[in-house]
Amino acid sequence: MGFYLGYTYNKNYLIKDENPWFPVMGEIHYSRFREEFWEESLRKMKAGGITVAATYVFWIHHEEEEGTFVFEGCRNLKKFVELCRKTHMKLFLRIGPWCHGEVRNGGFPDWLMQKGFTLRCDDERYLAYVERFWTQIYEQVRGQMYEDGGPVIGIQIENEYGHVGGFSGEAGEQHMRTLKGLAEKTGFRVPLYTATGWGGAVTGGMLPVMAGYCEAPWDPRLTEIEANENYVFSGKRNDALVANDHHVCSELTFSPEDFPYLTAELGGGLQPTEHRRPVPTGTDIGAMSLAKLGSGVAMLGYYMYHGGSNPKGKFSTLQESKESGYPNNVPVVNYDFFAPIRQYGQISESYKEIKLLAMFLADFGDDMAKLPEEIAPADISPEDTHSLRTSWRHDDKHGYVFFNNYQRKRTMDAHRGVKLTGRCRDTVEFHEMDIPSGAYGFFPYHMKLGDKELASAAAIPLCRLEGSETCYVFYGDYEPFYCWKGEDAAWTLHLSRADALNAWKITLDRDYLILSDNYVWEEDGEVKVTGALHTKIKCYPDLSSGIPGFARCGRDGIFTVYERNQESSKTSAKFRLISEDEESRTYETEIQYAQDILDCILTFAYGGDKLEIYQEDELLNDYYYTGEPAELSLRYFDFPEKLLVKIYALREGHKRFLEKWPEMRNGTACELSVVSARDEIR
């Protein structure tokens, strides 16, 4: 077995160093983000609780011109993997050869599409090109496989194979086995090989990973769609909405009881399409994640976790489009995805929601991984807004009771006087409580906390802080009613849910808990905090060395309060209309910068069908109107002083699904209303 002892799995969970392991995985596409900011982004992912990064290797991004391989700039795969190693981030490479990812031809170069032989099969001519591509890729990551002490612990082969192209049945299974063998021959020898398993995809016997999104922007309908199944506790692993524009199958090609329930594409957000533009919220993502955890998943994997931008192509734009034969149009540049970490590295509310579960799993996931799920009531309809949805993960000694009273785009009944119970050898009864519409969470019972036992508490565990005495952190807005077995209690800290969303665990000489609206991380033994000119944070326990750039300014309970005040002007932006016609309006924006800022985010409030931002003749970004303002990082483009903004008209009757339509004038919206600037320092 050798190095394979490091990472493996059984039918219930993943295993690391012979112990149960519950990772949280997040997708980031290196070729869709500036290389100068990769390390910063990987540190943000780690601070959010991500333990494994995943990335597609898009063929067309590296060999757009036949025989000419490009590994420079944002395509510098070698540097990206080295940074994963530097930041101690494990990595799954999704090497295709076909990927999808809303990329032109699913990642296949145009020249390959024109060869005249069948792709995605065991045709020797096709396999020869795949081997050539993979050999080039492997040369970039040589020495970075797990067996070499590197970060690459897993390889995904193909994507959605057998239902979005390729062959089903034995021919498809054989092709997947062929590709896995070719990957191993090339040098991609890792402990874990995965294949997407939803929609009737074939897996070639590899570890299947599943998907689940809170909506379906690829759906051809222009109406509200049915209530989403991913908010119901269920043993059902397949999400029938995923790739339903390809009329996929609802049956799985593998036996779920043979494999742990792993997700690789829980929607961390959604990518708007031209015709359908739903907007996910933080609670949409948080409640869906909670429902999956209560349904028995053994890995939470998010697509996307970090947004990005399509790189420039040499011969064409590189986005998925109807022109390239796909059912949908997506923006030319913009791949923000409403992701937890947005297009330019901005932290979102969904990031904080995921962090709640990721922090818990980092400290208690080895226990959760071993616990099977029990769902009751079973087979509840997602359209049922009356029943309280509950499940348990437990053995005969202890467990967790889950509840979900949230359904996207639905109003759930409030439930008063609820008495949740814990299922194990002895029934545990929780205190009576009210569960309002939109609430979700989970409570422990008979939970071992060191040598103490928490019999029950109406509180959600967040993390533990190791120091001279271990402190266990819980959160929630219910009366917690901590009930201990015996007379001794562990040291606990209880936060409100709002404070927990802004909680960051930092490890220096011991563990510290910092409450901050802004991103907090550890680097080179110091606490780093981004934020505005005036930033206030709280820390427990107090840092004897202080926090660079901050001054102590008092106490709030057990927390020490720190404050940073930086005197500076603020960046300002003004705009003016410079041209217009029946189809569009163009504005010029001028920016005057404050001094000593890390970044400035310009926010454009507008109404229209689409907004494009140019620096002279270069398209920097494009946005389909969703009702949300458009954001642009000025650091990302080296702080330009002048930009052009072009807005295209949206008219009544346009075939668009919008959750929020702009204000119309004479049946048309085409106007830039506000441009604002938000400075960020650190």
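This is a predicted model: local features need pLDDT of at least 70, side-chain atom pairs count only at pLDDT 80 or more; totals for chains, interfaces and linings use all residues.

Me: OK, which residue in E2 is the bridge partner of tyrosine 9?

Reply: Leucine 14. Strand E1 and strand E2 (residues 14–16) run antiparallel and are joined by three bridges.

Me: What sheet is that part of?

Reply: An open one of three strands in the order E1-E2-E3, with antiparallel pairing. Strand E1 (7–9) and strand E3 (19–21) are the edge strands, each pairing on one side only. On average, neighbouring strands of this sheet are turned by 45° against each other, direction ignored; the axes behind that angle are lines fitted to C-alpha atoms, and angles run from 0 to 180 degrees between N-to-C directions.

Me: Jumping ahead, what do E35 and E36 form?

Reply: A hairpin, with three residues between the two strands. E35 (residues 572–580) pairs with E36 (residues 584–592) in the antiparallel sense over eight bridges. Alanine 573, for instance, has isoleucine 591 in E36 as its bridge partner.

Me: And how many bridges join E36 to E41?

Reply: Seven, and those two strands run antiparallel. Tyrosine 587 has valine 645 in E41 as its bridge partner.

Me: New topic: glutamine 407. Buried or exposed?

Reply: Its relative accessibility is 2%, so glutamine 407 counts as buried (under 20% relative accessible area; exposed is over 50%, partly exposed in between, with a 1.4 Å probe and protein chains only). Glutamine 407 lies in the loop between strand E17 (399–404) and strand E18 (415–418).

Me: What does the side chain of glutamine 407 make a polar contact with?

Reply: The side chain of arginine 389, at 2.6 Å. A polar contact is a pair of N or O atoms within 3.5 Å; within protein, one must be able to donate a hydrogen and the other to accept it, and residues adjacent in sequence count only if both atoms are side-chain atoms.

Me: And where's arginine 656?

Reply: In the loop between strand E42 (650–651) and strand E43 (657–658). The side chain of arginine 656 reaches the backbone oxygen of glutamate 274 at 3.4 Å.

Notes. Residues are numbered from 1 along each chain as its sequence is written. Side-chain values use heavy atoms; hydrogens and water are left out. Helices (H or I, at least four residues) and strands (E, at least two) are DSSP runs, numbered from the N terminus. Two strands pair if DSSP finds at least two bridges between them.
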